[in-house]
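Subject: Structure handover

Hello,

Here is the structure I promised to pass on. Please open it and keep it beside you while you read my notes.

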Amino acid sequence: MSTNPVLQLDRVTRVHGTGELAVHALREVSFEAHPGELIAVMGPSGSGKSTLLTIAGGLDEPNAGRVLVEGADLVAAGQSGRAKLRRTSIGYVFQDFNLIPALTAAENVSLPLELDGTPARAARAAAVAALEEVGVADLADRFPDEMSGGQQQRVAIARAVVGERRLILADEPTGALDSVTGEEILRLLRARCDAGAAGVLVTHEPRHAGWADRVVYLRDGLVVDESGAALAAGEGVNA
Ligand SMILES: Nc1ncnc2c1ncn2[C@@H]1O[C@H](COP(=O)(O)OP(=O)(O)OP(=O)(O)O)[C@@H](O)[C@H]1O
Ligand SMILES: [Mg+2]
């Protein structure tokens, strides 16, 4: 592909703990996500999917390897550089929504923009536009506990895509939802990628992975092919 990747993982290794308790959560994992692409990450429980996503989102650091978001090295960016990228380039959808209970839907969505210096009025307008995109603009002034699980998840997605975010990371974003609402959430992610973002979706459901352009399979922290055989270190699934 000729476009520059939005996300590049280059031989990313993450070891939790040390000595006898060391767990190799990721072993030299490499892949790229380009504008327009939605990548599904699948694998058994404990295979490293969430670790991969938190590292891609700058919420955790690799022990070895490089992570680039829009060409910026997340480790070299330092704490404040990563925080800035999380406010401007990276949208993260958590499994349990993670909305702030004391803020309305619109306030939850506008918060990252305001933290980045966008004036309140412009941040509110962008938040309402994002809520509109996910079909819940009428809920802008409701608090999370006044919304259903599906509505809260839509607000969480609006928060992840608000502004010009190019990288959308979603960790089982449909976990708590019924299948119809789950499909709608995936349709939204797909539409956002079709509009030029890159997305990485962690999912257990083959049906949901069907929305993706490709699937990265993990087992014991290694990228494997669909048969479960390990791919050579340093090669992504598209190598
Ligand atoms: N903070 C941590 N400290 C120690 N070990 C950890 C930590 N986080 C994850 N691990 C271990 O790393 C491995 C990968 O965990 P991870 O959460 O990435 O798996 P997962 O694929 O997301 O699993 P699930 O499908 O259950 O969510 C597991 O063996 C897990 O126990
Ligand atoms: Mg997980």
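Which residues surround ligand 1? Keep in mind that this is a predicted model. The residues around ligand 1 are His16, Val23, Ala25, Pro44, Ser45, Gly46, Ser47, Gly48, Lys49, Ser50, Thr51 and His204.

By type, this shell holds eight polar residues, three nonpolar and one charged. Two elements, β2 (23–33) and α1 (49–56), each give at least two residues to the shell. The top contributor is α1, with three residues.

Now zoom in on the contacts. The side chain of Lys49 has an N or O atom 2.7 Å from an oxygen atom of ligand 1. Ser50 uses its backbone: a polar atom there is 2.9 Å from an oxygen atom of the ligand. His16 brings a polar side-chain atom to 3.4 Å from a nitrogen atom of ligand 1. On its own, ligand 1 has 640 Å² of accessible area, and the protein covers 57% of that.

Next, the largest pocket. Its volume is about 380 Å³. The lining has 16 residues, and those closest to the pocket centre are Arg86, Tyr92, Phe94, Pro112 and Arg159.

Where does the lining come from? At least two residues each come from α2 (74–88), β6 (90–93), α3 (105–115) and α5 (149–161). The lining of this pocket splits into 10 nonpolar residues, four charged and two polar.

Best wishes

Methods:
Residues numbered from 1 in each chain as written. Chains lettered and ligands numbered in written order. Predicted model: local features only at pLDDT ≥ 70, side-chain atom pairs only at ≥ 80, totals over all residues. Heavy atoms only, no water. 1 Å grid on protein atoms, 1.4 Å probe; cavity = no way out; pocket = protein on both sides within 12 Å on 5 of 7 lines; lining within 4 Å. Points joined across faces, edges and corners; volume = space filled by probe spheres on them. Helix = DSSP H or I, 4+ residues; strand = E, 2+ residues; numbered from the N terminus. Nonpolar A, V, L, I, M, F, W, Y, C, P; charged D, E, K, R; others polar. Near = heavy atom within 4 Å. Polar contact = N/O pair within 3.5 Å; in protein donor to acceptor, adjacent residues only side chain to side chain. Areas by Shrake-Rupley, 256 points an atom, 1.4 Å probe, with all protein chains shown as cover.
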